[in-house]
Amino acid sequence: MTRPEVRIYEVGPRDGLQAEATIVSTEAKLAFIHMLAAAGLREIETTSLVSPKAIPQMADADELLKQLVRRPGVRYPVLVPNARGLERAIAAEVDAICLITAATNGYVQHNIGMSIDESLAAFEPIAAEARRRGWWIRAYISTAFGCPYEGRVDERAVVSVAERLLRMGVDELSISDTLGVAAPLDVARVLSALDGAGIGAEVIALHLHDTRGTALANVMAALELGVRCFDSSAGGTGGSPYAPGSAGNLATEDLVYLLDRQGVRSGVNLDGILAAARFIATQLGGEVGSRVGRAGAWPQ
Ligand code: MG
């Protein structure tokens, strides 16, 4: 197979499901993850090693990682929120982790009860240990375009957090439109500010929510600007539980459809994603809500 031009980073099993009130069985989550890998996804964020009290949907994280059959060539990152999560990640023998902070103090405070500074200080030893073990590290910068508590976000706030995360040894930054408010000009503004600080597109992923219907337009803008990694969720699940008013993540099938039509190789099979999206929608007791999920692929 020719080398993909764009990486699609699947967030459905973690970011998608954590927002859903219906608890999905471990068996069904594993089946979902296997379907996603079979559809050609090479990066699947698998679960969160968060306290089960904070997010009951992720209470089976350790068990899920124990049972997960890792497909060669697929990366299965897990979210590590704190030192306890790191211990669990070590026990589960993971090799890729994610950290989450934000560009705004209001959001981090509501999300994890810390300031940005406190969150970065807490991540420092986690990142150091992950680096020592040779793990791949990704960090999310939530609310990079808008915050439910602080409103508009200045691009300099994003740059400042990005610089500090990269100094920690993070491999990739996922610049996140948690609220789904960004338009292409905002994407250009933030990417240009990052570029101005020496942070190039090669370390950047874009995490888009389609709350206001701008996600795919933002993908097009970011492609023009050299971004080659996009986060998405099969079925479009995953409004942030901490961001009132946010709708789901950009749906993987909507993203794959656009890339296919544009002739941009992702290595991901649309029919396979649609099957996975339908499977998880059934588990959640509903139907696939994404555009391509409803309308189907074309040509058939
Ligand atoms: Mg999300």
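The model is a predicted one, in which local features need pLDDT of at least 70 and side-chain atom pairs count only at pLDDT 80 or more, while totals for chains, interfaces and linings use all residues. Residues are numbered from 1 along each chain as its sequence is written, and side-chain values use heavy atoms, without hydrogens and water.

For Cys98, the closest cysteine sulfur is that of Cys229, 11 Å away, which is too far for a bond. Two cysteines are buried (under 20% relative accessible area with a 1.4 Å probe, protein chains only; over 50% is exposed and in between is partly exposed):

| Residue | Relative accessible area |
|---|---|
| Cys98 | 0% |
| Cys147 | 4% |

Helices α7 (residues 155–167) and α8 (residues 184–196) pack with their axes 9 Å apart, at an angle of about 45 degrees. The pair is therefore oblique, the class left once angles under 35 degrees (roughly parallel), over 145 (roughly antiparallel) and 65 to 115 (roughly perpendicular) are set aside. Their crossing is right-handed. In contact (heavy atoms within 4.5 Å) are Glu155, Val158, Val159 and Ala162 of α7 with Arg189, Val190, Ala193 and Leu194 of α8; by class, this contact has 6 nonpolar, no polar and 2 charged residues.

In helix α10 (residues 252–262), the buried residues are Thr252, Glu253, Asp254, Leu255, Val256, Leu258 and Leu259. The buried residues of α10 pack against several elements, including β1 (7–10), β11 (229–232) and α11 (270–283). After α10 comes Gly263, with a positive phi near 75 degrees.

Terms used: Axes are lines fitted to C-alpha atoms, for helices over the stretch in contact, and angles run from 0 to 180 degrees between N-to-C directions. Helices (H or I, at least four residues) and strands (E, at least two) are DSSP runs, numbered from the N terminus. A crossing is left-handed if the near helix is turned anticlockwise from the far one by less than a right angle, and right-handed if clockwise. Ala, Val, Leu, Ile, Met, Phe, Trp, Tyr, Cys and Pro count as nonpolar, Asp, Glu, Lys and Arg as charged, and the others, Gly among them, as polar. A disulfide is a pair of cysteine sulfur atoms within 2.5 Å.
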